[in-house]
Amino acid sequence: MALEDALVLAELLATHQTAERALTEYERRRRPRVEWVQAQTHRRDRTRSLPPIVRNLTLRLAGERIYRSNYEPLREPA
């Protein structure tokens, strides 16, 4: 995400007249992505509290699907 942030911020600083406007637009553009990443992190963290047998079975049966659904948006153009 740091690389994404840097690219967006560099683009906005180059195209906006003031740093204040660039930062306002930066926050607007980055907020949905940050919220999505946080939600995914919290969702994955909940599996840590499952009993090991349930967690292991869940990951064995759906681990690949979970992984793909978590990371597919990273492959889509912004």
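**Reading the model**

Modeller: Starting at the N terminus, the elements of the chain follow the order α-α-α. Please keep in mind that this is a predicted model.

Biologist: How many helices and strands does the chain have?

Modeller: The chain has three helices and zero strands.

Biologist: What radius of gyration does the chain have, and what would a compact globule of 78 residues have?

Modeller: The chain has 17 Å, whereas a compact globule of 78 residues would have a radius of gyration near 12 Å. Along the principal axes, the C-alpha atoms of the chain fill a box of roughly 55 × 20 × 15 Å.

Biologist: How does one describe two packed helices?

Modeller: One gives the angle between their axes and the distance between the axes. In this structure, helix α1, residues 2-15, packs with α2 at an angle of about 145°, and their axes are 9 Å apart. The crossing in which α1 passes α2 is right-handed.

Biologist: Which classes of residue make up the contact of α1 with α2?

Modeller: That contact has eight nonpolar, no polar and seven charged residues. Among the residues of α1 that take part are Val-8, Leu-9 and Leu-12, and those of α2 include Ala-22, Tyr-26 and Arg-33.

Biologist: Which residues is Tyr-26 in contact with, leaving aside its neighbours within four places in sequence?

Modeller: Tyr-26 has its place in helix α2. With those neighbours left aside, Tyr-26 is in contact with Asp-5, Val-8, Leu-9 and Leu-12. Tyr-26 and Leu-9 are 17 residues apart in sequence, yet 6.2 Å apart in space from C-alpha to C-alpha.

Biologist: How is empty space in a model found?

Modeller: A probe the size of a water molecule is rolled over the atoms, and this shows where empty space is left. Here, the second largest pocket holds about 190 Å³ of space.

Biologist: Which helices each supply at least two residues of the lining of the second largest pocket?

Modeller: They are α2 (19-46) and α3 (52-75). The largest share of this lining, six residues, comes from α3. The lining residues include Arg-43, Thr-47, Ile-66 and Tyr-71. By class, the lining has four nonpolar, three polar and two charged residues.

Note on methods
Residues are numbered from 1 along each chain as its sequence is written. This is a predicted model: local features need pLDDT of at least 70, side-chain atom pairs count only at pLDDT 80 or more; totals for chains, interfaces and linings use all residues. Side-chain values use heavy atoms; hydrogens and water are left out. On a 1 Å grid over the protein atoms alone, a cavity is a set of points where a 1.4 Å probe fits but cannot get out, and a pocket is an open set with protein on both sides within 12 Å along at least five of seven lines; lining residues have an atom within 4 Å of a point. Grid points are joined across faces, edges and corners, and a volume is the space filled by probe spheres set on the points. Helices (H or I, at least four residues) and strands (E, at least two) are DSSP runs, numbered from the N terminus. Ala, Val, Leu, Ile, Met, Phe, Trp, Tyr, Cys and Pro count as nonpolar, Asp, Glu, Lys and Arg as charged, and the others, Gly among them, as polar. Axes are lines fitted to C-alpha atoms, for helices over the stretch in contact, and angles run from 0 to 180 degrees between N-to-C directions. A crossing is left-handed if the near helix is turned anticlockwise from the far one by less than a right angle, and right-handed if clockwise. Contact means heavy atoms within 4.5 Å. The radius of gyration is taken over C-alpha atoms; the globule rule is 2.2 Å times the number of residues to the power 0.38.
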